[in-house]
Amino acid sequence: MTAEDVFNLEMLKLLLTVAWKDRDFDVHERNMIVGLGRSWLVPEDELQALLGRSGKDQAPPEIDWTLLRSRKDDVLNAARALVLTDGKVNREETDLLKEIQKNLG
């Protein structure tokens with residue numbers, strides 16, 4: 001697995017966390033995450049395993065913030081795009097975006 005593959009998996013973990021923040025993982029959010037995963041050539045079994053955790057009473061996957069800090073702008077842009085993809089932004093999502101920005105430093 002390349003460094004880019006590892007980064008992409010971390011991005012998907014973060015995006016799944018963002019998508020589930022409001023407990024409403026709608027079709028637009030799912031399609032964006034699946035589309036990104038496939039365009040990044042994430043193995044389908046890994047992508048489905050991540051999606052399978054979504055919405056269950058499991059803690060979100062642990063995110064490697066150190067790795068994500070290497071590309072702060074890409075991470076923030078992707079998180080913002082996902083929040084906007086369903087056409088509505090609620091307080092939980094806004095707070096999470098602030099938390100992401102804080103964690104990225």
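Q: In this predicted model, what share of the contacts between residues at least 6 apart in sequence join residues at least 24 apart?
A: Take the contacts in the protein chain between residues at least 6 apart in sequence. Some of these join residues at least 24 apart. Their share is 73%.

Q: Which residue forms a salt bridge with E4?
A: E4 sits in helix 1 (residues 3–20). Its partner lies 67 residues away, in the loop between helix 4 (65–68) and helix 5 (72–85). The closest N and O atoms are 3.0 Å apart, and the partner is R71.

Q: Which residues make up the network of salt bridges around R71?
A: R71 forms a salt bridge with E4. The side chain of R71 also meets that of D74, at 2.9 Å from N to O. The linked residues are E4, R71 and D74.

Q: Is E44 buried, exposed or partly exposed?
A: E44 forms a salt bridge with R38, with the closest N and O atoms 2.8 Å apart. Buried means under 20% relative accessible area, and exposed means over 50%. The relative accessibility of E44 is 34%, so E44 counts as partly exposed.

Methods
Residues numbered from 1 in each chain as written. Predicted model: local features only at pLDDT ≥ 70, side-chain atom pairs only at ≥ 80, totals over all residues. Heavy atoms only, no water. Contact = heavy atoms within 4.5 Å. Salt bridge = Lys/Arg side-chain N within 4 Å of Asp/Glu carboxyl O. Helix = DSSP H or I, 4+ residues; strand = E, 2+ residues; numbered from the N terminus. Buried < 20%, exposed > 50% of the residue type's maximum accessible area, 1.4 Å probe, protein only.
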